[in-house]
Structures are given as C-alpha cells and as structure tokens.
Amino acid sequence: MLQRNEVDILEKKLPQISDERLRSALAENGTVRKYQAGEAIMSPGKFIRFVPLILEGSIKVIRADDEGRELFLYYLQPGETCALSLTCYSSAKPSEVKAIAEEDTTVLAIPIELHNEWMTEYRQWKKFIALTYQSRFQELLKTLDAVAFKRLDQRLVEYLIAKMTLQKINQIQITHQEIATELGTSREVVSRLLKQLEKKRWIELGRNIIYIREDLAELAAEHHD
C-alpha cells in the first residue's frame, strides 16, 4: 500500500483517473518502483509481471529482433503506460519489446493479473486502457511512416528534437552508436549526418554529447507547441 506522500504523487501524475474507488485500488495494490537512467524495465523473451504506470521520468520502448538489431518505437511519459505489455499479457506471450528508463524514472507497478478484473469493474480503467491503445497505435504509425517515407536525415532531426523536448535540456548525452541502433542504421551514417547538422550550425558535437544550438532549439519549441 502506498504512503500518503506517494498517494499525493499518484493524484498529481494521473489526473485522468478521478474515480475514488479506482484510485484507492491503485494505492492499495500498486508498488512504487524506481529505475535509474539506462536500466531495463522490460526485456524481450520475458513475461510481463506488472502494468507500469509512469509517475516520474520517461521510458523508451524499443523493438529488437533475434539478431540484436533494434528500432526505437516511442517514449512513455508520466501518466502513461505501455500498451504492448498489455497485449503480450492478453495473448499469454513474453514481451516482444525492450523498455528502458530514459532518465531516472518512477513507476507504479500494478500486478498484471488485476488488469482483466479492473477492465470489468472500473469503467475509467477500461477507458484509460482504450486511450492508451489509441495513443500507442498513433505513435507506431508515426514510426512506420518515418521509416517508410522519410529520409534518414529528417528522422535524425526529429529524433534529436524528441529527446530534447522530453528531457527539457539543450544537450544530449548519447553515443553515435546508440543513435544508430535506435534508428536502425549504421554508426558511420549517423556520424556523417551529425557532421552535416554541425556544419549547418544546428548542433555542436562533443565527446558522447550533442549540444543543441539555437536554430534547432527553435524547431524543438515549435514541435512541442
């Protein structure tokens, strides 16, 4: 059961859940878990044991194949959960995605076996899950469109803008290989494209860090609006 201060955080981070009965059920059955940046929350091949409701921080969800290749799918932010984890549970299959804390992250872990029970008992939980599926489906369509129809340099700029908007900072600590892995390309290609962005004075490259300059920051602000 959550402590009083944790219940206060729950009310703040999940304003869409106003049903007092459901909120009480969350407080009674949920467990607060904290993850450090870079720590895995879900891994391919492992069964889902809980529904993760993000309270603070953010999580990136990645699709990985049997050969170790990865593709970034979407971010989860406070007030959200992972629809793909629910899909795996409903079909009694292990996870097909990797979920990693993008920054220090706090989640409310709800025992997965309560999901079906709550779908019947709480109308607001059913609505919350339906909206989650809708939102994640739209995110997956954006990813598919980007891979199928956009040039890699466009995807790279959008990737940097998304990270900057999410973290609310003008510098991103990441390696060229990490970017390449998440975009499904090679490190050499990413390094070349980053150099092009640096020549445009959109970014400045450091050792495992990318400084976002004013022009790209303005694009990020427009993207956020």
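By a nonpolar core I mean a set of buried Ala, Val, Leu, Ile, Met, Phe, Trp, Tyr and Cys residues that are joined through side-chain atoms within 4.5 Å. With that in hand, let me turn to the structure above, which, please keep in mind, is a predicted model.

In this model the largest nonpolar core has 38 residues, and the members with the most contacts inside it are Leu26, Leu53, Ile110, Trp118 and Trp125. The largest share of this core comes from β3, which supplies 5 residues. There is also a second, separate core of 20 residues, and among its members are Ile161, Ile179, Leu193 and Ile203. As a general point, nonpolar side chains in soluble globular proteins tend to be buried together.

Let me stay with Trp118 for a moment: once its neighbours within four places in sequence are left aside, tryptophan 118 is in contact with Leu22, Ala25, Leu26, Asn29, Ile110 and Trp125.

Next, threonine 106, which sits in strand β7, residues 105-111. Threonine 106 has a relative accessible area of 8%, and it therefore counts as buried, the limit being under 20%.

Glycine 57 belongs to the loop between β3 (50-56) and β4 (59-64).

On the surface, Phe137, Leu141 and Leu144 form a nonpolar patch whose accessible area together is about 290 Å². Leucine 141 has its place in helix α5, residues 123-149, and counts as partly exposed because its relative accessibility is 32%.

Finally, the protein as a whole, which has 9 helices and 10 strands. Its radius of gyration is 19 Å, which agrees with the value near 17 Å that a compact globule of 225 residues would have. Buried residues make up 41% of the 225 residues, and, of the contacts with a separation of 6 or more, 71% are between residues 24 or more positions apart. The accessible surface comes to about 12,600 Å², and 48% of that surface belongs to carbon and sulfur atoms.

Methods. Residues numbered from 1 in each chain as written. Predicted model: local features only at pLDDT ≥ 70, side-chain atom pairs only at ≥ 80, totals over all residues. Heavy atoms only, no water. Helix = DSSP H or I, 4+ residues; strand = E, 2+ residues; numbered from the N terminus. Buried < 20%, exposed > 50% of the residue type's maximum accessible area, 1.4 Å probe, protein only. Contact = heavy atoms within 4.5 Å. Patch = residues over 30% accessible without salt bridge, like charges linked within 9 Å, V, L, I, M, F, W, Y side chains within 5 Å. Areas by Shrake-Rupley, 256 points an atom, 1.4 Å probe, with all protein chains shown as cover. Salt bridge = Lys/Arg side-chain N within 4 Å of Asp/Glu carboxyl O. Rg over C-alpha atoms; globule rule 2.2 N^0.38 Å.
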